[in-house]
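Here is a short briefing for a first look at a protein model. Keep the sequence and the 3D view side by side as you read.

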Amino acid sequence: MKRSRFRNQGGDPEPMMDINTTPLIDVMLVLLVMLIITIPIQFHAVNLEMPVGTPPTNVEPDKVRIDIDPASVVYWQGLPVSSAELELKMEAIATMNPQPVVNVHPSKDAGYAVFANVLSISKRKGLTKIAVTGSEQFVQ
């Protein structure tokens, strides 16, 4: 008669003498993963040098409107100006703090050379806040 390892002579199961290590391995793996995840967080630090001083004020800069009509006449705030006068006015506003926003509004029929001249003068004088408005008239 064959003797089964699970049954003794009386039919009751034999006690196992081995320790089940699967739960122990599972717990150890979970602890290892937790250790791997949490340790780098402790060592990562970013040193920031925050600015010291007063916060910037929310002063709205002035707006200067330059219009160019269909006859290629340049207007500064509604008044016609020559190229020399335009340079003097742009030089004056370039030194202001904060620098005003210059809105250039060319007409659709204005000459490109006049518009390019206005932009080149503003660049030479150091104006950095320039906006070309009214571009919707050029959409066909």
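Asp-69 sits in the loop that runs between strand 1 (63-68) and strand 2 (74-76). The model is a predicted one. Asp-69 is buried, yet it has no salt bridge. The nearest side chain of opposite charge belongs to Arg-65, 12 Å away.

**Around Asp-69**

- Which residues touch Asp-69, once its neighbours within four places in sequence are left aside? They are Tyr-75, Ser-107 and Ala-110.
- Ser-72 is placed in the loop between strand 1 and strand 2. Its phi is near 65 degrees, a positive value in a residue other than glycine.
- Ser-72 is partly exposed, at a relative accessible area of 26%.

**Overall layout**

- The protein has 3 helices and 5 strands.
- Along the sequence, the pattern reads α-β-β-β-α-β-α-β.
- The protein has 140 residues, and 19% of them count as buried.
- Take the contacts with a separation of 6 or more: residues 24 or more positions apart account for 68% of them.
- The protein exposes about 11,500 Å². Carbon and sulfur atoms supply 61% of that area.

**A nonpolar patch on the surface**

- Leu-24, Val-27, Met-28, Val-30, Leu-31 and Met-34 form a nonpolar patch on the surface.
- Together these residues have about 590 Å² of accessible area.
- One of them, Met-28, is found in helix 1 (residues 22-43).

**Salt bridges**

- Side chains of opposite charge can pair when their charged atoms come close.
- How many salt bridges are counted in this model? The count comes to 4.
- Glu-87 forms a salt bridge with Arg-124, and their closest N and O atoms are 3.6 Å apart. This pair links distant parts of the chain: Glu-87 is in helix 2 (residues 83-94) and Arg-124 is in helix 3, 37 residues apart.
- Glu-87 is partly exposed, with a relative accessible area of 26%. Arg-124 is exposed, because its relative accessible area is 53% and the cut-off for exposed is over 50%.
- Glu-87 also meets Lys-125 in a salt bridge, at 3.7 Å from N to O. Here too the pair links distant parts of the chain: Lys-125 lies in the loop between helix 3 and strand 5 (130-132), Glu-87 lies in helix 2, and they are 38 residues apart.
- Lys-125 counts as partly exposed, at 24% relative accessibility.
- Lys-125 forms a salt bridge with Glu-91 as well, with the closest N and O atoms 3.4 Å apart. Lys-125 is in the loop between helix 3 and strand 5 and Glu-91 is in helix 2, so this pair ties together parts that are 34 residues apart in sequence.
- Glu-91 counts as partly exposed, at 42% relative accessibility.

**The aromatic pair**

- The structure holds 1 aromatic pair.
- Why is the pair tilted? The ring planes of Tyr-112 and Phe-115 are at 50 degrees, so they fall in the tilted class, between the limits of 30 and 60 degrees. The ring centres are 6.2 Å apart.
- Both residues lie in helix 3 (residues 112-124). Tyr-112 and Phe-115 are 3 residues apart, about one turn of the helix.
- Is Tyr-112 buried or exposed? Tyr-112 is exposed, with a relative accessible area of 64%.
- Phe-115 is buried, because its relative accessible area is 15% and buried means under 20%.

**Backbone exceptions**

- Most residues other than glycine have a negative phi, and most peptide bonds are trans.
- A cis peptide bond joins Asn-97 and Pro-98, with omega at about 0 degrees. Pro-98 lies in the loop between helix 2 and strand 4 (101-106).
- Gln-77 has a phi near 55 degrees, a positive value in a residue other than glycine.
- Gln-77 lies in the loop between strand 2 and strand 3 (79-81). Gln-77 is partly exposed, with a relative accessible area of 45%.

Methods. Residues are numbered from 1 along each chain as its sequence is written. This is a predicted model: local features need pLDDT of at least 70, side-chain atom pairs count only at pLDDT 80 or more; totals for chains, interfaces and linings use all residues. Side-chain values use heavy atoms; hydrogens and water are left out. Helices (H or I, at least four residues) and strands (E, at least two) are DSSP runs, numbered from the N terminus. Buried means under 20% relative accessible area, exposed over 50%, partly exposed in between (1.4 Å probe, protein chains only). Contact means heavy atoms within 4.5 Å. Accessible areas come from the Shrake-Rupley method with a 1.4 Å probe; for residues, only the protein chains shown count as cover. Patches are made of residues with over 30% relative accessible area and no salt bridge: like charges are joined within 9 Å, nonpolar side chains (Val, Leu, Ile, Met, Phe, Trp, Tyr) within 5 Å. Lys and Arg count as positive and Asp and Glu as negative; His and the chain ends are not counted. Rings of Phe, Tyr and Trp (its six-membered ring) pair if their centres lie within 6.5 Å; planes under 30 degrees apart count as stacked, over 60 as edge-to-face and the rest as tilted.
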